[in-house]
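Student: I have a model open and would like to learn how to read its features one by one. Could you walk me through it?

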Amino acid sequence: MTNERQPGKKSCPSCSNSESASGSESAAAPPPGFQDAAEYERLRSRMGLIQHKIVVLSGKGGVGKSTVAVNLALSIALSGRRVGLLDVDIHGPSVPKLLGLEDTGVPVEADLISPVSFGENLKVMSLGFLLRSRDDALIWRGPMKMGLIKQFLTEVDWGRLDYLIIDSPPGTGDEPLSVCQLIDRPDGAIIVTTPQDVALIDVRKSITFCRRLNLPVLGVIENMSGFVCPKCGEVTDIFKSGGGQAMAEDMNVPFLGRVPLDPAIALSGDEGKPFIYHYSKLATARAFENLLRQIPERNDHNEDPADTKGNTAAATNDRSGTKDDPAAP
Ligand SMILES: Nc1ncnc2c1ncn2[C@@H]1O[C@H](COP(=O)(O)OP(=O)(O)OP(=O)(O)O)[C@@H](O)[C@H]1O
Ligand SMILES: [Mg+2]
């Protein structure tokens with residue numbers, strides 16, 4: 001027979017063989033994108049060892065997704081749970097920089113990639129660990145990206161984890177789509193936005209994306225919400241304030257809270273020292289961590305997702321000092 005579609009026969013849009021799509025082989029056939037059933041099984045068994053998977057998303061670039069993903073992963077790890085942090089931003093992987101792991105490579109043995117350990121409970125994987133130099137760039141189309149993400153999920157030796165946090169690039173493109181297609185039922189998405197309309201217009205699309213994929217929205221974080229002057233404490237709403245909360249209420253998804261613009265957050269990113277740990281004496285860091293702590297708590301206890309009351313991470317701006325413990329993760 002040929003691979004051409006024939007009238008009257010069932011055909012599957014994702015494969016070229018109309019007979020096998022309806023024949024007895026179909027039970028063992030892997031979903032599109034997998035070479036064979038064994039590859040699909042490897043992914044399923046690897047992911048089966050990880051209890052919860054959370055995707056960090058935003059329709060807009062530069063709003064703080066990676067900052068939230070890194071600090072969320074660390075916050076859960078500091079609570080004693082085993083956490084993986086997967087950076088699926090293929091064109092601009094920033095997790096290695098934010099964790100001070102920029103020149104770290106990863107050993108690959110017998111097709112198994114070892115993730116990079118960060119402190120006791122956190123394992124990290126990013127394309128940044130595989131690039132030859134900091135300035136390397138990949139020019140890849142969608143199917144190649146899906147192949148790499150599949151490899152990160154299947155061939156990275158994550159072991160048993162309580163949580164896998166996945167940091168996505170901006171938008172609703174190939175990377176978050178591949179993650180949602182490859183992982184059988186992620187727990188949900190954390191959506192990061194800034195308060196101004198220009199960001200919110202794009203971020204609303206992320207919520208629509210989640211709905212189309214049946215991915216629960218675990219909550220919206222409004223980042224860069226007001227700037228607290230470190231000298232006088234006066235709050236200036238540089239990107240306005242409250243837009244993320246209003247959008248969450250309007251779209252009927254939970255609002256988790258606000259994080260102000262704080263130069264210490266930008267500094268901690270550039271230093272590769274996660275904010276909630278190294279700057280834990282700052283009020284912003286404590287409030288940021290309280291906000292992040294709600295995420296596994298809500299998820300573990302499956303609390304009422306209709307609660308839209310957010311707390312603000314900018315109650316005060318105590319600058320009494322920073323943590324710089326050499327034993328830090
Ligand atoms: N609340 C904040 N106050 C000050 N700086 C911040 C804040 N949140 C994030 N930043 C800084 O803003 C920059 C962008 O943050 P980040 O890389 O987390 O954004 P992103 O959404 O992941 O970006 P991209 O879309 O490129 O992946 C970083 O330098 C980060 O340190
Ligand atoms: Mg990022």
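Tutor: Let us go from the overall fold to single residues. This is a predicted model, in which local features need pLDDT of at least 70 and side-chain atom pairs count only at pLDDT 80 or more, while totals for chains, interfaces and linings use all residues. Residues are numbered from 1 along each chain as its sequence is written, and chains are lettered from A and ligands numbered from 1 in the order in which they are written.

Student: How many helices and strands does the chain have?

Tutor: Helices (H or I, at least four residues) and strands (E, at least two) are DSSP runs, numbered from the N terminus. Here the chain has 11 helices and 12 strands.

Student: What share of the residues counts as buried?

Tutor: A residue is buried if 20 or more other C-beta atoms lie within 10 Å of its own, exposed if 12 or fewer, and partly exposed in between, with C-beta atoms placed from the backbone. In this chain of 329 residues, 43% are buried. For contacts, the C-beta atoms of two residues, again placed from the backbone, must lie within 7 Å. Among contacts between residues at least 6 apart in sequence, 77% join residues at least 24 apart.

Student: Which residues are closest to ligand 1?

Tutor: A residue is near a molecule if its C-beta atom, placed from the backbone, lies within 6 Å of it. Ligand 1 is surrounded by 21 residues, and the closest are Gly61, Gly64, Ser66, Thr67 and Gly269. At least two shell residues come from each of helix 3 (65-78), strand 9 (217-228), strand 11 (255-261) and helix 9 (263-271). For classes, Ala, Val, Leu, Ile, Met, Phe, Trp, Tyr, Cys and Pro count as nonpolar, Asp, Glu, Lys and Arg as charged, and the others, Gly among them, as polar. The shell then has eight nonpolar, 10 polar and three charged residues.

Student: Helix 3 supplies part of that shell. Is helix 3 enclosed or exposed?

Tutor: Helix 3 is largely enclosed by the rest of the structure, because 14 of its 14 residues are buried. To check its length, take the expected span as 1.5 Å times one less than the number of residues. Helix 3 should span 20 Å, and its end C-alpha atoms are 20 Å apart, which agrees. Just after helix 3, Gly80 has a positive phi of about 100°.

Student: Which residues touch the most other members of the largest nonpolar core?

Tutor: In soluble globular proteins, nonpolar side chains tend to be buried together. A nonpolar core is a set of buried Ala, Val, Leu, Ile, Met, Phe, Trp, Tyr and Cys residues joined through C-beta atoms within 7 Å. The largest one has 78 residues, of which Ala73, Leu85, Ile165 and Ile190 touch the most other members. Helix 3 gives the largest share of this core, nine residues. Leaving out residues up to four places away in sequence, Ala73 touches Val83, Leu85, Leu122 and Ile165.

Student: Leu122 belongs to strand 6. Which way do the residues of strand 6 point?

Tutor: Leu122, Val124 and Ser126 point one way, Lys123 and Met125 the other, and all are buried. Two strands pair if DSSP finds at least two bridges between them. Strand 6 (residues 122-126) pairs in the parallel sense with strand 2 (residues 83-87) over five bridges, and Leu86 stands opposite Met125. Strand 5 (residues 116-118) runs antiparallel to strand 6, with three bridges, and Phe118 stands opposite Leu122. In the hairpin of strand 5 and strand 6, with three residues between the strands, Gly119 has a positive phi near 65°.

Student: What do the buried residues of helix 5 pack against?

Tutor: They pack against helix 2 (37-48), strand 2, strand 6 and helix 6 (174-182). The buried residues of helix 5 (residues 142-154) include Lys145, Met146 and Ile149. In the loop between strand 6 and helix 5 lies Trp140, which is in contact with Ile90 and Lys145 once neighbours within four places in sequence are left aside.

Student: Where is Asn214, the non-glycine with a positive phi of about 60°?

Tutor: Asn214 sits in the loop between helix 7 (197-212) and strand 9. It counts as exposed because it has 8 C-beta neighbours inside 10 Å.
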